[in-house]
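Me: I am new to this structure. Please show me how to read it, one feature at a time.

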Amino acid sequence: MPESTNPSPLSDLDEWEDDLQRRYPESEKEPDAFRDYDAGTRPSVKEFYRLNHRYQTLKFSQEKRAEFLPLKKREMTIWEALEYLNTLVDDSDPDIELPQIEHLLQTAEAIRRDGHPRWFILTGLIHDLGKILCLYDEPQWAVVGDTFPLGCRFSEKIVFHKFFEDNPDSGVPGYATRNGIYTEGCGLDRVTMSWGHDEYLYHVVKDGLPDPALYIIRYHSFYAAHKEGEYAHLMNDHDRELFDWVRKFNLYDLYTKSSERVDVDALRPFYDELINDFLPGKLSW
Ligand SMILES: [Fe+2]
Ligand SMILES: [Fe+2]
């Protein structure tokens, strides 16, 4: 496998999420024969997963935690973070790609329309703010992508599992078993996940939101668990209970994207009040 010269092969971060929609179509009507995922995957997305699976090691994730989780990069309000995330420049056609803020508002508005609790609406608004990691010049494969536990066997249900052959952790005997460095049922809080926007944002907001919101934020990219049912042996009862919320949220995350523009100014007062109720003022990022 040749080493890539481009550390960020996606034209923008949405390309990963668009591919998730293709992998998990809303209708689920397609028979399995038509779901040859690999064959239909864009080369940029495939290359993105190759890099992600090659470089997300336990050591890498621990190093990124040590680098970012002291939260000493910036002080920003939630709304400032939304505007900061919106400065992410897309390489693709600016007319068809929605700015990040619109995906977040569309997700939140869909949750609001369905009459869900206020914390759930706020979770929709903020769940991807950890993508500001890209603005710190982190490579795409360390910001987005399906997340997975490190230090134990990589589930075969993780997309492009074959690329884990090139991950140095695959050669560590202690990591090759089902439980690896963990004990059965230890709880996900003890499990080091691959590094990305989920874990980062969780630490930024963890003192302000109820548990289900924090689970959604922390595990919304853990598709092997919430879509494929893998890694149940590392979960405890609390995890299993709260993953119902992660699954519920995923429907809004994947299937509320629309090209209808969002009137940000009109929605702002509602969201300002919501933010102020849970996560007021400047937060440490
Ligand atoms: Fe996300
Ligand atoms: Fe999202």
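Predicted model: local features only at pLDDT ≥ 70, side-chain atom pairs only at ≥ 80, totals over all residues.

Me: How many residues of H7 are buried?

Reply: Seven of the nine are buried, so H7 is largely enclosed by the rest of the structure. The buried ones are Phe 120, Ile 121, Leu 122, Thr 123, Gly 124, Leu 125 and Ile 126.

Me: How do I describe two helices that pack together?

Reply: Two packed helices are described by the angle between their axes and the distance between the axes. Take helix H7 (residues 118-126) and helix H12 (residues 264-278). Their axes lie 10 Å apart, and the packing angle is about 105°. An angle of 65 to 115 degrees counts as roughly perpendicular. H7 and H12 are therefore roughly perpendicular to each other.

Me: Which residues make the contact of H7 with H12?

Reply: H7 supplies Arg 118, Trp 119, Ile 121, Leu 122 and Leu 125. From H12 come Tyr 271, Leu 274, Ile 275, Asp 277 and Phe 278. Sorted by class, this contact has eight nonpolar residues, two charged ones and no polar ones.

Me: What should I look for in a core?

Reply: In soluble globular proteins, nonpolar side chains tend to be buried together. Here the largest nonpolar core has 62 residues. Leu 125 and Leu 201 touch the most other members. Helix H9 (residues 211-219) gives the most to this core, with six residues.

Me: What does Leu 201 touch?

Reply: Set aside its neighbours within four places in sequence. Leu 201 is then in contact with Ile 126, Leu 129, Gly 130 and Ile 217.

Me: At what angle do the axes of H1 and H3 cross?

Reply: They cross at roughly 100° and come within 10 Å. That makes H1 roughly perpendicular to H3. Glu 15, Trp 16 and Asp 19 in H1 meet Ser 44, Val 45 and Phe 48 in H3. By class, the contact of H1 with H3 has three nonpolar residues, one polar and two charged.

Me: Is Val 45 buried or exposed?

Reply: Count the C-beta atoms around the residue. With 20 or more others within 10 Å, a residue is buried. Val 45 has 23, so Val 45 is buried. Val 45 is found in helix H3 (residues 43-55). Not counting residues up to four places away in sequence, Val 45 touches Leu 10, Glu 15, Trp 16 and Asp 19.

Me: How do I take in the whole protein?

Reply: Begin with the elements. There are 12 helices and two strands. From the N terminus on, they run α-α-α-α-β-α-α-α-α-α-α-α-α-β. Then take the overall dimensions. Along its principal axes, the C-alpha trace spans about 55 × 40 × 40 Å. With 285 residues, a compact globule would have a radius of gyration near 19 Å; the protein has 18 Å, which agrees.

Me: What share of the 285 residues is buried?

Reply: Buried residues make up 37%. Contacts give one last view. Of those with a separation of 6 or more, 79% join residues 24 or more positions apart.

Note on methods: Residues numbered from 1 in each chain as written. Chains lettered and ligands numbered in written order. Axes fitted to C-alpha atoms, helices over the stretch in contact; angles between N-to-C directions. Helix = DSSP H or I, 4+ residues; strand = E, 2+ residues; numbered from the N terminus. Parallel < 35°, antiparallel > 145°, perpendicular 65-115°, else oblique. Contact = placed C-beta atoms within 7 Å. Nonpolar A, V, L, I, M, F, W, Y, C, P; charged D, E, K, R; others polar. Core = buried A, V, L, I, M, F, W, Y, C linked by C-beta atoms within 7 Å. Buried ≥ 20, exposed ≤ 12 C-beta atoms within 10 Å, placed from the backbone. Rg over C-alpha atoms; globule rule 2.2 N^0.38 Å.
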